[in-house]
Amino acid sequence: MRGITKRFPGVLANDRVDFEAAVGEVHALLGENGAGKTTLSNILTGLYRPDEGQIELYGEPVRFHSPRDALDAGICMVHQHFRLVAPFTVAENVLLGDHRAEGRKLVLRPRAIERRVAELGERYGLDVDPRARIWQLSVGEQQRVEILKALYREARILVLDEPTAVLTPQEAAKLFETLRAMAAEGRTVVFISHKLHEVLAVSSRVTVLRGGRTVATLATADATPRSLAALMVGREVAEARRVERGGPPGDVALALEGVSVAGDRGGLAVRDVSLAVRAGEIVGVAGVAGNGQRELAEAVYGIRDLVAGVVRVEGKALRAGDPRSAIAAGVAHVPEDRLGTGLAPGLSIAANVALKRYRAAPVSSGPLLRLRRMRELAEALVRRYDVKAPGVDTPVRNLSGGNLQKLVLGREFDGEPRVLVAAQPTRGLDVGAIETVHGYLRAAAASGVAVLLLSEDLDEILTLADRVVVMYEGALVGEVDAGAASAEEIGLLMAGGRGR
Amino acid sequence: MRLERRLDQPRLLLVAVPVGSLAAAFVLMAFVLLATGHNPLATYRRMLDSAFVADGGLTSTFVFCTPLAFTGLAAAAAFRMQLYNIGGEGQFYLGAIAAVGVTLYLGDLGVESTPLHVVAMSAAGAAAGAAWAAIPAVLRAFAKTNEIITTLMLNYAAGLVLTYLIIDSKSYWRDLESFEGQTFPLGKSIPEAASWPGADLGLLGGVLLPLGFGGALALAGLMWFVYRQTRFGFELQVIGDSQRTARFAGMRLRRKILAVLCISGAIAGLGGASFEGDFAHQIDPTGLQSSFFGYTGIVVAALARYNPLAVMPVAFLLGGLQNAGFTLQGADFPSGLVGVMQGLILFSALGGEVLVRYRLRLGRAVARAGAPSEVAP
C-alpha cells in the first residue's frame, strides 16, 4: 500500500501511509487509538476506498470497489466485533457469504462442509465443533470460527483487528501459534494491535502508525518495548510498573455480602459475591469479558437491582437498585460505557458536569437552575482535569475518548467519594490517556478512597491493584496478592481453572 | 452523490433549510399546477390572499392554527423525551368533552361569568386530557408497554366515546330540544357566557386573535423556560438524551415518564377545551374526527424539532396552509390537488431535514458498506 490518504469529515485518518507486508510473515500494525490502523485495514479489505494512493498485491496494482473484490483477491479480515450469525452452526457461518462454487449451490451439502471445517480446524489447532451453534460458543471459540472462515475461503492475506482483546493469556498464546503456522505456509498475516508485548511475541516485522502517518517499519527482533512505545507515542513513556503506595489500608469502606445479580438475558450474571475493599486500597477484578464484571459494578452503584445480598458502604447498607442511595453514601462510578451511561452525549459539557449535582446548591436553588454557576463549575473542572474542548457548551459527543474519560473521572472525583467503582477505565484509550487515568486512580487511593477496579486488561490490574480477585461465570474464583501474582496464574483462573 | 454526516450543524442552516425546502415545494407544485391547467402564480396569490391577507383570512387561519399549536406543543413535550405520544388526537377529544360538559353544567347552574367558564373549561379539559394520557403513561412506566400502540389505540376509543355521546345515546352533551337536534343528532351549544373572548388586533379590517392562541403562546414560553431554567427541565433534557445516563445520575425515571405523558395529554386536552370555547361551541363528533388536529400536531412538532418556541410559527404556517386549501377547493380546483400541495410541502420540509444533519457530496461513492459513522476518532 503506497501513499494511502483517507479523509473523513474533519479528520485526516490516513496521511500518505506506506505499508508493505511480505509473503509468509506476521506483520504487526501498531499504533495508538486514532492512529489510523482501522482505517488502513478497512481500505485494505475494500470497505473504504482511499482518496489517494494505491494498493499493490503481489506486484500488481489493484482497485477494490467493495469488500467482495478484496475477498476475491484473497484478503480476509477478522473484525473486533465478529460478523457471525448466532443461531447458525459453525459450518453454516463458514459457508455464509462464500459465493464461490459451494456457496452458490441451490442445495447445500452440510456434511461436506462440516468435514472440511473439521479438517481445517485440526490442521491449524482451531478446534471447534462444526455443528455447534454460534451462541453456544465462547468468545475465543467464535474468533476461531472467524479464522476458519478465512481459511475455508483460502485467504492468502488475513487481517486481524485487535484479536486478543477478548481472550485470556492462554487463548492468546494459542492464537499466536495458529497465526505463525499460517504464515509458515506462505500466507500473510496482518496483526493490528496497540499492545506492545503481543506485537513483540507474534510478529516478525512491525509498522508503527502515529497520527495517520507511517512512523517506521522495523524487524521485531530489533525492537524493544521501550523503543516501540516511543515510536507509537512520539516520546518516551514511563514503563508501566507497580508502584507501592505507602501506608496501611484503612477500615473496610465497601463490603459486598453474598451479592447475586440478574443478567440482561435472565439467569444470574453475578453469583453470591462477597468482597471487602478498604479505604485507600485498590482491589482489581480480573476476568474475561462477559463474566459478570459489568453487572457487578452496576449493582454496587445501584443502577442494577440485587437478587440477593447486600452492599454496605462504611457499614451502612445501600438501598438496592437505587443509585441515589449510593451517591449519597459517597459511591462514585466510572461506567464501562462512558458515553451513553456516564455522560449524556447530546448535552453540553456544563450539563454533564452538573449531572449529579443539579439537585442542590450551588447548581440549583429551589426548582430553578443557576446556569452561570453550572458553567463556572464546568470551566473549573475542565481546567483542573485538562479536558481538551472548545468550550463548556460543546456537546460531549464531540470529545475524544480520552477527554470523555477525563471528564467522567473529574466529575466523579469532584463529589469527594468514599468508594470508586471503575469499570474498564482505560478501554479504548491511547497510551498517554491511560497514563493519566492510572495517575488519577492512584491519587484517589492515596487520598483514602476505596477503589474497585474492574478490567479485562490484566496488565492494568497487575500495575494498579493491591489485591486481585478473579471473576469467572459470575462468581469470584480466586484471590491473589498483586505483588506475588503472575499473569499465568491469573489467566488460568480467568479461564475457569481451579485456584489454589 | 452521497451523504456525509455533518460534524457540527451551522445555525444558519436551521433557518435556511426550512425556507429553502418550502421554496422547493412551491416550485415542484408549480409543475403539478401547470400540468393540471392552473396558473401557479395566480394560485399561490389566491392562497396567500385567502390565508393571510383577505378580510377574515387571518381570523380563520387562527381557527386552524390554534388547535394545531396545542397539539403540536403536546407532541413536542413528549417526543422530546422519546415518549411517542401519538394520542394527542384522543386527548384532544376528551379535553373537548370535559370542557363542554363542565360549561354546560355551569350554565345550568346559572353561572354567567365568562372568566369562570373559561377557567373551568381549561381546567376540565387539561384534567381529562391528562387522565386519558395517564392510562398509557402508567402502562409504560410500570409495564414497559409500547406507548405508541397504546396511545394510538386510545384515539379510536376516544372517537367512539364522541360518537356515543352525540349519536348513539341521549347523553347530557346531546341537543334533544331544538328542532335541528330532533331531526339530526347534534351537540348541545354551550352558554353564551362560555364563548371565549378574542382580542381584536385592529389590522387588516379586524383580525380576531382567539384567547386560545394567546394561551398557547404563553404555554410555549413557559415550556421553554421550564426546559432551560429548571431542575425538572434539566432532568427532562438528560432523560431525552439518554435514559441510561439519567438512571446513572439517580433520576427517578418512572415518575418523569408519568409526569411528561400526563403533561402532554393535559396540553392536548387544553387544546380541546380551547377549540370548543373559541370556535366550535358544541361537540361535533364527525367534524372533530375529520380534522385530525392531533395527528397534524405531530407533524407540527416534528417540523419544529420539538422546540416549543418553534411550534408556534410552524403551527401558524400549517394552519394557514390548511385554511388556504379549504378556500381553494371548488369546482375548478379539486380537493385532491389541495392534498397534493400539502403533501409536497410536508414532504420537502421533512426531506430538507436531512440536509441539516448531513452534507451532500457530489462525486463517486467511496464506501458502500460501513458509512463514515465508523470513522476512527
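**Sheet, helix packing and core**

Tutor: A:Asp161 stands opposite A:Ile192 in strand 8 of chain A. This is a predicted model, in which local features need pLDDT of at least 70 and side-chain atom pairs pLDDT 80 or more, while totals for chains, interfaces and linings use all residues. Residues are numbered from 1 along each chain as its sequence is written, with chains lettered from A and ligands numbered from 1 in the order in which they are written.

Student: How do you know that strand 7 and strand 8 of chain A pair?

Tutor: Strand 7 (residues 157–161) and strand 8 (residues 188–193) of chain A run parallel and are joined by five bridges. Pairing requires that DSSP find at least two bridges, so these strands pair. Strands here are DSSP runs of E, at least two residues long, and helices are runs of H or I, at least four, numbered from the N terminus.

Student: What makes strand 6 and strand 10 of chain A edge strands?

Tutor: The open sheet of chain A has six strands in the order 6-7-8-3-9-10, with mixed pairing. Strand 6 (75–78) and strand 10 (213–219) each pair on one side only. The twist averages 20° from one strand to the next.

Student: Why is helix 8 of chain B called roughly perpendicular to helix 9 of chain B?

Tutor: The axes of helix 8 (residues 211–229) and helix 9 (residues 231–241) of chain B come within 5 Å and cross at roughly 80°. Because that angle falls in the range of 65 to 115 degrees, the pair is called roughly perpendicular. Axes are lines fitted to C-alpha atoms, for helices over the stretch in contact, with angles from 0 to 180 degrees between N-to-C directions.

Student: Why is helix 3 of chain B called roughly antiparallel to helix 11 of chain B?

Tutor: The axes of helix 3 and helix 11 (residues 253–280) of chain B come within 7 Å and cross at roughly 175°. The angle is over 145, so helix 3 of chain B is roughly antiparallel to helix 11 of chain B.

Student: Which residues have the most contacts inside the largest nonpolar core?

Tutor: They are A:Val451, A:Leu453, B:Leu73 and B:Val311, in a core of 258 residues. Helix 3 (residues 57–79) of chain B gives the most to this core, with 14 residues. Such a core joins buried Ala, Val, Leu, Ile, Met, Phe, Trp, Tyr and Cys residues through C-beta atoms within 7 Å; buried means 20 or more other C-beta atoms within 10 Å.

Methods: Buried ≥ 20, exposed ≤ 12 C-beta atoms within 10 Å, placed from the backbone. Parallel < 35°, antiparallel > 145°, perpendicular 65-115°, else oblique.
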